[in-house]
Amino acid sequence: RSLFTFRDSVARIPVRLVMGGEYQYENNLLKESDNEEGAAGALYRDSETTSGHSVLFGQLTLDLPKGIIATAGISYNRLSYDHTDLFTADSIDFSGKRSFEPEWLPRFGLVKKIGKFWAWHGSIGQGISPPSIWEVSNPDGSMNFDLEPEKGTNYEAGVRGSLLDRKIALDVTAFWMPLRQSILPVDLPGGLPIFENRGAIDQSGVESMMTVVLHENTKSWLTNVRLKFSHTYHRFRFVDYQKDGQDHSGNKVTGVPEEMGSAGLDMETKVGLSAFAAFRFVGETPINDANTAIADPYTLISARIGYRKLWREKWSVDLYVGGNNLADTAYSSFLQWNGFGGRYYNPSPTRNFYGGIGLGFQFE
């Protein structure tokens, strides 16, 4: 990855230009065999798939009068897959290549300062989500090279700032992103899915975050106490989605809870003791496209206590213990969407604890 930054002034307006590029290479080796009472049986699939993703990008930022910051950017994206079928027990060769059409993606944004501690921000940007290696890989070993990337335009607006001498920080953002060429699973006989571009999805919501500094004094025994809150509301709906002769248009998108929230408390002391407690809430989640199966909401509580000691300025020792799901909630965080025969749920861990010790040394 490379990044270049240029700063100057044009007609007394500060200008920043950022340009760069990135390349990602991924190699996936996949072997699948029969399951014989937990042991690997006869091999029925063997393949190697590589992908290359390259991006060139640039962004121009102008610090305009009256507290306005304007940005304009664009990126150029290329993606390709190269699949090699290594399974020789049959006469079928599923090897192949797929290069997606290059995409130019623009983005525009504005920030308007409101007083000393507040700012309004808004942006419009286009984006794509290419099919993953698992979505182009079919259960029979062939490659689904007919898939096209998902495409959408994101509209976003929000406000952020602080109160009470920066003791309280707030950030609230609303967004709307209509998604086209949505990649959705289609079940085959036996419950194994393939993926197709089907209809569209209308995505909108509000995301908010607040941080409250309850105590901050580096000279006292208790140096720092902070509360953190976050909440998301997502209204995701299928648009023009037909499946198995049924019209799911207007239904909630499978696997997306409408509400999620979290709260956390951080405490630090001068002697190296620290404590953290967290609360997480996940709302009702539709787990099939017809919305006839709904996962119940659940809450999780976790906590951690630690101690850090510096020794002779170079050595450090960290001790910590913690627990997850302290209320012993029965829940499933890994849901099998549209599970064949109603097999949607995978149990998640009950109440559990952990601990550890770390030793560090800082070299000059």
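View 1. Of its 34 lining residues, Pro185, Pro193, Phe195, Gln336 and Trp337 are the closest to the centre. The model is predicted, so local features need pLDDT of at least 70 and side-chain atom pairs pLDDT 80 or more, while totals for chains, interfaces and linings use all residues. Residues are numbered from 1 along each chain as its sequence is written, and side-chain values use heavy atoms, with hydrogens and water left out. A pocket here is an open set of points on a 1 Å grid over the protein atoms alone, where a 1.4 Å probe fits, with protein on both sides within 12 Å along at least five of seven lines; lining residues have an atom within 4 Å of a point. Its volume is the space filled by probe spheres set on the points, which are joined across faces, edges and corners.

**View 2. Strand S10 gives the largest share of that lining, four residues.** Elements giving two or more residues to the largest pocket include strand S2 (13–36), strand S3 (39–64), helix H1 (133–136) and strand S10 (183–187). Helices (H or I, at least four residues) and strands (E, at least two) are DSSP runs numbered from the N terminus. By class, this lining has 19 nonpolar, eight polar and seven charged residues. Nonpolar covers Ala, Val, Leu, Ile, Met, Phe, Trp, Tyr, Cys and Pro; charged covers Asp, Glu, Lys and Arg; the others, Gly among them, are polar.

**View 3. The second largest pocket has a volume of about 300 Å³.** Look for Ala295, Tyr298, Ser332, Ser333 and Leu335, the closest to its centre among 19 lining residues. Strands S17 (273–282) and S22 (334–335) each supply at least two residues of this lining.

**View 4. Tyr320 and Tyr354 form a tilted aromatic pair.** Their ring centres are 6.4 Å apart and their planes stand at 55 degrees. Rings of Phe, Tyr and Trp (its six-membered ring) pair if their centres lie within 6.5 Å; planes under 30 degrees apart are stacked, over 60 edge-to-face, and the rest tilted. Tyr320 lies in strand S21 and Tyr354 in strand S24, so the pair ties together parts 34 residues apart in sequence. Tyr320 is partly exposed at 28% relative accessible area, and Tyr354 is also partly exposed, at 32%. Buried means under 20%, exposed over 50% and partly exposed in between (1.4 Å probe, protein chains only).

**View 5. Asp240 has a positive phi, near 55 degrees.** This residue sits in the loop between S13 and strand S14 (242–243) and is exposed, with a relative accessible area of 51%.
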